[in-house]
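Dear colleague,

Please find below the structure that I am handing over to you. My findings follow directly after it.

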Amino acid sequence: MLIKLTVGNYKSFDKNEELSLISSCKIQTHKDHRIKIKQTHILKNAVIYGANASGKSNLVKALAFIKRTLIEGLPLNSFNDFCKNKKENETRDSFFELQFTVDDKFYAYGFTAILSKKEITEEWLYELKQDGSAKALFERVNNQKPVLKEGVTPTETEKNRFEIYADDFAGHSSQLFLAEMNRGKKYEEDSKLIFFKKIYNFLINHIVLINPNIGISNTDAYYRPESLNKISALISTFDTGISNITTKKLTIDEMAQVVGKDFISKIIEDIKTQMLISNNQHLQATCRMDNGFFNIRVNGAEEPEITTLVLKHGNSIFDFNFSEESDGTKRLFDLIDMIISKREDIVYVVDELERSLHPKLTEHFLTLFMKAHVEERVQIIFTSHEDTIMDQSLFRRDEIWFVERDNDNASKIYSLDKFKERYDKKLNKAYLEGRYGAIPVFKEFQFEKEE
């Protein structure tokens, strides 16, 4: 489970800002919104509010940046992603750190980079203890080779292998060593270095990012008839008119007529990159665009298998294409797998959850999501403008967050819990009145009269 995200000198974030999912011990409502791991209570939900251009979407982008850097190294276009409100930030370290749990152990993984130079300056992984102490697992500074710390006791064979990997990696200033330790490497289950595999797997496969424009995931929900039936039943509760969902096979040329050959090539290339990194010859991707919904499955060197959705409406004898649906219905297809999925220890991160959805549909989705994952280790973190769901009957105070720009035009993150509101307080009304900040502040505009 995700515990904290800390980011600094990245886009609108100047100083290090922290989003924490550790629950407040003073709040006694919605106790089922927490999961207890050892002595720590971790929240399952976080909703982030803010005005347009406040920086809330940059939190999601920071997570995407961490994942992308793990997969391919510092992205080519990241040289300009430092916080531009100060000149000195161009040559100052940007900071990225995640705290999370894997197998009931607590970890902190992070790195710093001078983005303008495309140089990673530090990288670290710590195991966090319940007494507040931390055990370093590995560290890497500048172009020096990465080192295992004293608390790690590999076998002589493992130690020698690690030294070879570390020597070969020295000088790779734009790559992350955690990724290198998962590039075609194999580990025995009892290996003292197995944490490299487990940490990477959590960060890449258990943090799922959903973008409001194009959704791409590795779900298998749209490949199985039983899950398609469940999706059909769920979609019908949203009053979309859809009564049944099936799939049909497409050729690459048929898909290319809809999305273009370049897009298909990029998706297949990304899948094959993941196959290489994960040493898995069978991978898939589900991608949603305004003009289509496609499943792409790659099995080794075989021709990719592509399917698309076929939708039925009520008693109509005609099939409907995905492109014929409303924007709100298309948006539901981005989100619905989050309800039916039974994957354990998943963090869903959604930018603009309510995009194209009626307020009641957004509330209905969240209610279903929470019911579907009671007592499960499933989290949702999302940005929103939808004030109608800012309600203490739906969320705890420590689950509601705000992002606001300060006088230096830098984004600040803070929780509703700091305001200590009564449990009967109408939060959305107080928010729109400006009590919590994080709303637009307008300036006067003078219209000149023509003579």
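Asn-45 has Ile-380 in E18 as its bridge partner. The two strands concerned, E5 and E18, run parallel and are joined by 5 bridges; strands (E, at least two residues) and helices (H or I, at least four) are DSSP runs numbered from the N terminus, and two strands pair if DSSP finds at least two bridges between them. Please note that this is a predicted model, in which local features need pLDDT of at least 70 and side-chain atom pairs count only at pLDDT 80 or more, while totals for chains, interfaces and linings use all residues. Residues are numbered from 1 along each chain as its sequence is written, and side-chain values use heavy atoms, with hydrogens and water left out.

E5 also pairs with E19, in the parallel sense and over 3 bridges. On that side, Val-47 has Ile-400 as its bridge partner, and Tyr-49 has Phe-402.

These strands belong to an open sheet of 6 strands in the order E11-E17-E18-E5-E19-E20, with mixed pairing. Strand E11 (207-210) and strand E20 (411-415) stand at the edges with a single partner strand each, so one side of each has no neighbour in the sheet. From one strand to the next the twist averages 20°, where axes are lines fitted to C-alpha atoms, for helices over the stretch in contact, and angles run from 0 to 180 degrees between N-to-C directions.

How many residues of E5 are buried? The count is 5 of the 5, so the strand is largely enclosed by the rest of the structure; buried means under 20% relative accessible area, exposed over 50%, and partly exposed in between, with a 1.4 Å probe and protein chains only. In a regular strand the side chains alternate between the two faces of the sheet. Both faces of E5 are covered, with Asn-45, Val-47 and Tyr-49 buried on one side and Ala-46 and Ile-48 on the other.

Tyr-49 lies in strand E5 (residues 45-49) and has a relative accessible area of 0%. Its side chain reaches the backbone oxygen of Glu-386 at 2.8 Å, which falls under the rule for a polar contact (a pair of N or O atoms within 3.5 Å; within protein, one must be able to donate a hydrogen and the other to accept it, and residues adjacent in sequence count only if both atoms are side-chain atoms). Tyr-49 and Tyr-348 are 299 residues apart along the chain, and their C-alpha atoms are separated by 17 Å.

Thr-383, in strand E18, is likewise buried, with a relative accessible area of 0%. Between Thr-383 and Val-349 there are 34 residues in sequence and 8.6 Å in space, C-alpha to C-alpha.

Turning to the aromatic residues, rings of Phe, Tyr and Trp (its six-membered ring) pair if their centres lie within 6.5 Å; planes under 30 degrees apart count as stacked, over 60 as edge-to-face and the rest as tilted. By this rule there are 23 aromatic pairs. One of them is the edge-to-face pair of Tyr-348 and Phe-369, 6.2 Å centre to centre with 80° between the planes. This pair links distant parts of the chain, as Tyr-348 is in strand E17 (residues 346-350) and Phe-369 in helix H10 (residues 359-372), 21 residues apart. Tyr-348 is buried at 4% relative accessible area, and Phe-369 is buried at 2%.

A tilted pair is formed by Phe-382 and Phe-395, with 6.1 Å between centres and 50° between the planes. Phe-382 lies in strand E18 (residues 378-384) and Phe-395 in the loop between E18 and strand E19 (400-405), so the pair ties together parts that are 13 residues apart in sequence. Phe-382 is buried at 1% relative accessibility, and Phe-395 is buried at 1%. Elsewhere, Phe-138, Phe-162, Phe-169, Phe-177, Phe-195 and Phe-196 form one aromatic cluster.

A further open sheet has 7 strands in the order E2-E1-E6-E7-E8-E9-E10, with antiparallel pairing. Its edge strands, E2 (17-20) and E10 (147-148), each pair on one side only. Within this sheet, strand E8 (residues 119-128) and strand E9 (residues 134-141) are antiparallel partners over 7 bridges, and Leu-125 stands opposite Phe-138 in E9.

With kind regards
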